[in-house]
Amino acid sequence: MATEAPNPALVFQPKPSLPPPPFTVGPVAWVRANLFSGPVNTLLTLASIWGLYLTLAAFLEWAWFDAVFEANSRRECLDKSPTGACWAGVRANWGRLIYGPYPLAERWRIDFAFLALIAWMAPLWIRAVTGKIAIAATIVCAYPFFAAYMFLGGTREETMTVLFPAAVLAGIGVLAHSACCILAGRPLPDVLLRPFGEGLTDKGRSRALAAIAAVAYAVVLAAAWNFELAEVKTDRWGGLFLTLVISGIGITSALPSGILLALGRRSTMPLIRILCVCYIELIRSVPLITILFMAKTMFPLFMPQHIVVDELVRAIVAVCLFAAAYMAEIVRGGLQALPKGQYEAAAAVGLNYWQTTLFIVMPQALKAMIPNIVSNFIGLFKDTTLVAIIGLKDLMLQVDSAGKDRDWLGLFREPYFVATAIYFFFCYCMSKYSQSLERKLSAGNRR
Amino acid sequence: MPPISLAVDARRGRVAEWLYDSRFRSIVAQAVVVGIVAWGFWYLASNTQENMARRGLSTGFDFVFGTAGFDISWSLFQISTPASYIDVYKVGIVNTLAVSILSIAFATVLGFAVGMLRLSNNWLVSRLAGWYIEVLRNTPLLLQIFFWFIGVFTGLPPPRQSYQPVEGFVLNNRGFFMPAPVAGETLWITGVSFLAACVAAIVLHRWARARQATTGKRFPSILAGFGIVIGATGLAFVATGMPLSWDVPKLRGFNFTGGMTVPPAFCALLIALSVYTSCFIAEMVRAGIQSVSHGQTEASFALGLKPNWTTRLVIVPQAMRAIIPPLISSYLNVTKNSSLAVAIGYPDLVAVWMQTSLNQSGRAIEIVATTMLFYMTCSLSISMLLNVYNRRIQLRER
């Protein structure tokens with residue numbers, strides 16, 4: 001049955017809607033609602049605009065309009081513009097801020113090692129690359145030996161002779177593996193074993209891989225045999241480089257040691273629990289600077305006479321001991337937040353303590369604590385400035401020494417400003433990254 | 001032969017039973033860990049003993065009564081000269097506590113203010129407060145201390161051109177000068193009446209609360225309490241003939257004399273600590289207020305409470321429960337952070353005790369131990385406070 005066309009006169013025809021009243025949509029409405037919604041708000045807005053204008057104007061005048069970008073000494077800067085910033089001084093002292101007193105001819109080693117770290121870590125963020133846990137393990141276990149030799153140089157002792165080529169090989173392996181994954185779409189072992197055909201058993205595969213690795217190691221060892229870098233003692237390390245070394249080691253060591261301490265604190269074994277509680281509470285109740293002073297003055301007393309511990313190593317040990325206690329409390333917070341049902345379910349499935357911890361508890365506890373862990377890392381990064389007080393030439397102290405240079409006597413403001421900007425850049429990036437990570441990981445909880 | 005293999009099996013079974021017994025395993029694990037720790041301590045202690053014997057260092061606390069061969073640049077109270085080491089320790093503690101307590105007070109006020117601004121529905125104000133927090137908490141405290149010390153307080157004009165906004169309050173590159181109160185003979189009467197009035201106000205408040213709980217009748221006890229305290233103290237002060245005068249700093253020669261003085265390092269440390277801590281407190285305030293669910297506000301409106309009362313009686317008490325525990329631990333952080341004073345030469349405990357005294361006397365172990373003792377006492381008392389508070393505010397769920 002065909003439907004009849006409805007009578008237009010009987011069908012309800014709405015009139016076109018009127019435009020919204022003025023000032024309720026668009027930018028004008030937004031401004032009214034967010035900036036001028038009442039007398040108090042209007043006053044606050046005007047006061048902030050005025051304050052912002054004054055600060056920005058003064059800052060821009062100092063940092064841009066009156067600033068001197070080309071000069072050879074502070075005197076020249078002051079002659080050109082007494083009120084402006086002397087960025088020429090920062091430019092002249094840039095190397096000092098970044099590398100400290102590291103020899104000029106050897107600075108490429110630091111650049112190279114940091115670029116290598118970036119290249120080594122980049123595969124972790126590339127989706128196509130497989131085996132990310134193994135890559136992360138090589139970064140933690142192999143990269144430090146590579147970097148240590150790059151930074152220190154000198155003749156290699158027995159352990160370094162063996163480990164440095166191994167670290168180099170691990171790095172090359174990671175890069176080759178990532179290249180294979182991205183270009184060929186299959187992991188490195190598959191590509192390496194291709195010439196042997198498909199007929200290999202599992203045992204044969206691992207044997208073949210071990211043989212290839214041994215040959216490669218021998219090649220690297222031979223190639224690196226005569227490779228030697230000039231020695232740079234740790235008292236010539238400094239600047240941002242030293243800050244990154246100390247905080248990098250502190251951050252890397254804090255998580256595993258903090259996890260162990262937190263597990264110890266929640267353990268059912270009374271003696272272990274008491275030891276962990278004492279350690280955590282003792283370290284957390286004293287300021288970092290006292291621990292650094294202790295490392296400086298008491299460490300030589302603690303060690304036998306024939307062992308002389310480098311000053312940098314002492315500071316790093318102090319920072320690691322300090323960071324572990326704080327991380328332990330954060331991990332404990334995560335462990336406590338975990339519902340008891342998770343433990344019971346793991347026990348019901350028949351997992352033992354370490355399986356429960358490794359596969360059930362830790363992933364959830366750490367995930368819940370990511371914001372706190374990262375803010376702890378930020379705190380640690382900021383706290384490494386304290387090593388300047390015990391005389392290590394980190395970024396903070398380099399800023400100070402820039403103003404004591406003969407040509408740039410009294411130049412403090414500009415280097416301080418730049419150092420602040422550098423610290424801010426690192427900390428801000430870390431906090432933004434943690435926020436994005438948190439969003440990504442909590443995607444499962446969103447509805 | 002069967003009997004022998006049976007015996008072997010039984011032995012193996014017993015060993016396995018031991019190995020898989022969780023009690024046995026936990027005892028072994030603890031013994032191993034305690035053994036390692038004890039060995040470590042023994043190793044360090046024996047090395048220390050050997051090293052000290054070789055360097056001819058002696059131990060013991062007898063040195064604290066000896067004369068410390070250095071002057072302390074600034075202290076809150078007068079110490080005898082030449083000062084003994086125990087005086088130095090006391091001055092260090094008092095100086096640390098002075099700068100910490102003042103910074104805590106300033107940081108709390110500033111932090112709550114910035115936290116409120118951060119929550120403001122004025123977009124610009126909230127953004128500015130957000131940037132204040134972001135910039136301050138992402139730069140190291142040491143850098144900020146140097147900024148205030150070098151950039152601001154030591155860059156002030158010399159005494160002859162000093163800033164003097166109000167007569168008697170002077171700011172120049174030698175520090176901050178203010179009038180010092182000089183107590184008259186009968187001032188103690190005012191003090192006693194102040195204490196008595198405080199007790200009376202507390203009793204009144206308790207009585208008013210008890211009455212409201214039983215009868216529902218309200219009594220403006222807080223207002224009345226303030227009235228009692230101010231009135232009684234003022235009355236006693238006036239009745240005893242205002243026994244208080246002010247010692248005002250005056251410019252004599254090249255510097256101001258008289259009154260109270262705080263050095264530039266104190267000012268720099270105070271401002272840096274307050275400002276740095278305020279951004280953390282502001283975040284706590286924001287998080288605490290946002291943690292109160294919106295349902296609470298709606299429920300309170302549904303009961304007919306006005307917005308003002310909703311804030312006071314519903315939101316703030318619940319937000320405080322989330323704010324106060326981190327707030328108290330941030331107070332502990334202020335105390336610990338005040339040890340950065342050593343970088344700008346403010347004579348706090350770490351500077352005068354752990355640095356100067358240690359270098360002078362060489363008694364590393366005793367000095368490190370006493371320094372740690374002070375900080376641990378602070379930390380333990382603050383965590384005790386926290387536990388008491390947490391027990392009081394814990395939700396009593398049925």
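This report describes selected helices, strands, contacts and residues of a predicted model.

## Basis of the description

The model is predicted, and local features need pLDDT of at least 70, side-chain atom pairs count only at pLDDT 80 or more, and totals for chains, interfaces and linings use all residues. Residues are numbered from 1 along each chain as its sequence is written, while chains are lettered from A and ligands numbered from 1 in the order in which they are written.

## Domains and a helix pair in chain A

Chain A falls into domain 1 (103-231) and domain 2 (239-392), with bounds that come from an automatic or database domain assignment. A separation of 29 Å lies between the C-alpha centres of these two domains of chain A.

Helix α11 (residues 239-265) and helix α18 (residues 370-383) of chain A have axes that come within 9 Å and cross at roughly 145°. Helices (H or I, at least four residues) and strands (E, at least two) are DSSP runs, numbered from the N terminus; axes are lines fitted to C-alpha atoms, for helices over the stretch in contact, and angles run from 0 to 180 degrees between N-to-C directions. The crossing of α11(A) and α18(A) is right-handed, a term that applies if the near helix is turned clockwise from the far one by less than a right angle. On α11(A) the contact involves A:Ser247, A:Gly250, A:Ile251 and A:Ala254, and on α18(A) A:Phe377, A:Leu380 and A:Phe381. Residues are in contact if their C-beta atoms, placed from the backbone, lie within 7 Å. By class, five of these residues are nonpolar, two are polar and none is charged; Ala, Val, Leu, Ile, Met, Phe, Trp, Tyr, Cys and Pro count as nonpolar, Asp, Glu, Lys and Arg as charged, and the others, Gly among them, as polar.

## The side of chain B that touches chain A

Contact between the chains involves 45 residues of chain B and 39 residues of chain A. On chain B, the helices that each supply at least two residues are α2 (22-55), α4 (123-137), α5 (141-153), α10 (307-337), α11 (349-361) and α12 (364-393). The most is given by α2(B), with 11 residues. This side of chain B has 29 nonpolar, 14 polar and two charged residues.

## The open sheet of chain B

In chain B, an open sheet of four strands has the order β1-β2-β3-β8, with antiparallel pairing. Strands pair if DSSP finds at least two bridges between them. At the edges are β1 (163-166) and β8 (260-262) of chain B, each pairing on one side only, and the twist from one strand to the next averages 20°.

Strand β2 (residues 169-172) of chain B is joined to β1(B) by two bridges, and the two run antiparallel. B:Tyr163 stands opposite B:Leu171 of β2(B). Two residues lie between the strands of this hairpin, in which B:Gly168 has a positive phi near 100°.

## Two residues of chain B

B:Thr154 belongs to the loop between α5 and β1 of chain B. B:Thr154 counts as partly exposed because it has 15 C-beta neighbours inside 10 Å; a residue is buried with 20 or more other C-beta atoms within 10 Å of its own, exposed with 12 or fewer, and partly exposed in between. Apart from neighbours within four places in sequence, B:Thr154 is in contact with B:Phe149, B:Asn173 and B:Pro264.

B:Ser291 lies in helix α8 (residues 264-291) of chain B and is exposed, since 12 other C-beta atoms are within 10 Å. Residues up to four places away in sequence aside, B:Ser291 touches B:Ala319 and B:Ala322.

Definitions and conventions
Two residues are in contact if their C-beta atoms, placed from the backbone, lie within 7 Å.
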